[in-house]
Amino acid sequence: MRTIVTGAVFLLLIAGLGLAGCSRGGEGHGISSKAIAVLNPTEGSKVKGYVSFERDGKAVHVVAMVDGLSPGPHGFHIHEYGDCSSPEANSAGGHYNPFDQPHGGPTAEKRHVGDLGNIVADKSGHARLELTDKLLKLEGPHSIVGRAVIVHARADDFKTQPTGNAGARVACGVIGYAK
Ligand code: CU
Ligand code: ZN
């Protein structure tokens with residue numbers, strides 16, 4: 001009898017640990033609810049910074065800090081491939097667009113998932129952006145983790161297909177899970 005009770009307690013303990021293991025890191029069995037991209041300058045650029053992502057309910061909260069920019073707006077997107085290896089970061093591919101939509105602004109009804117609009121630099125070349133986006137995902141088949149954030153030389157006009165005519169890529173960073 002005692003062995004059976006002890007056994008049951010042991011099983012409950014295991015089940016409890018299992019549940020605790022699942023709740024850690026939210027929904028994804030150990031997958032973090034935070035991600036970060038460290039932005040490095042492309043060839044001939046001095047632009048650097050970081051972008052952090054944090055799950056906020058069904059949305060994702062984004063905070064970006066970028067330095068070394070020319071004053072004014074700069075296109076700010078998530079591109080398809082987490083590959084910043086080529087000198088002008090063309091290895092990162094086009095805007096991340098898993099649902100085959102047209103390019104648009106961050107609040108447009110139809111847009112690429114990666115269309116996060118513009119980041120605006122002040123006179124000293126510093127830009128800070130904070131937004132909450134409902135299309136970004138940090139897990140699942142359309143996760144942005146493992147893709148790249150690109151900052152452009154010019155403004156995204158939210159119209160020109162499929163790039164927003166934002167010009168050269170001045171910084172690139174691969175999105176990875178963060179603690
Ligand atoms: Cu871009
Ligand atoms: Zn786009």
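C172 has its place in strand β8, which covers residues 169-178; helices (H or I, at least four residues) and strands (E, at least two) are DSSP runs, numbered from the N terminus. This is a predicted model, in which local features need pLDDT of at least 70 and side-chain atom pairs count only at pLDDT 80 or more, while totals for chains, interfaces and linings use all residues. Residues are numbered from 1 along each chain as its sequence is written, and chains are lettered from A and ligands numbered from 1 in the order in which they are written.

**Surroundings of C172**
- C172 counts as buried because 28 C-beta neighbours lie inside 10 Å; a residue is buried with 20 or more other C-beta atoms within 10 Å of its own, exposed with 12 or fewer, and partly exposed in between, with C-beta atoms placed from the backbone.
- Leaving aside residues up to four places away in sequence, C172 touches L39, N40, T42, C84, A89, A92, A148 and I150, where contact requires C-beta atoms, placed from the backbone, within 7 Å.
- Although I78 and C172 are 94 residues apart along the chain, their C-alpha atoms are separated by 9.6 Å.

**The largest nonpolar core**
- This core has 36 residues, and C172, L39 and V51 are among those with the most contacts inside it; a nonpolar core is a set of buried Ala, Val, Leu, Ile, Met, Phe, Trp, Tyr and Cys residues joined through C-beta atoms within 7 Å.
- Strand β8 gives the most to this core, with five residues.

**Strand β5**
- Six of the seven residues of β5 are buried, so this strand is largely enclosed by the rest of the structure.
- Strands β4 and β5 pair in the antiparallel sense over five bridges, pairing being defined as at least two bridges found by DSSP.

Definitions and conventions. Two residues are in contact if their C-beta atoms, placed from the backbone, lie within 7 Å.
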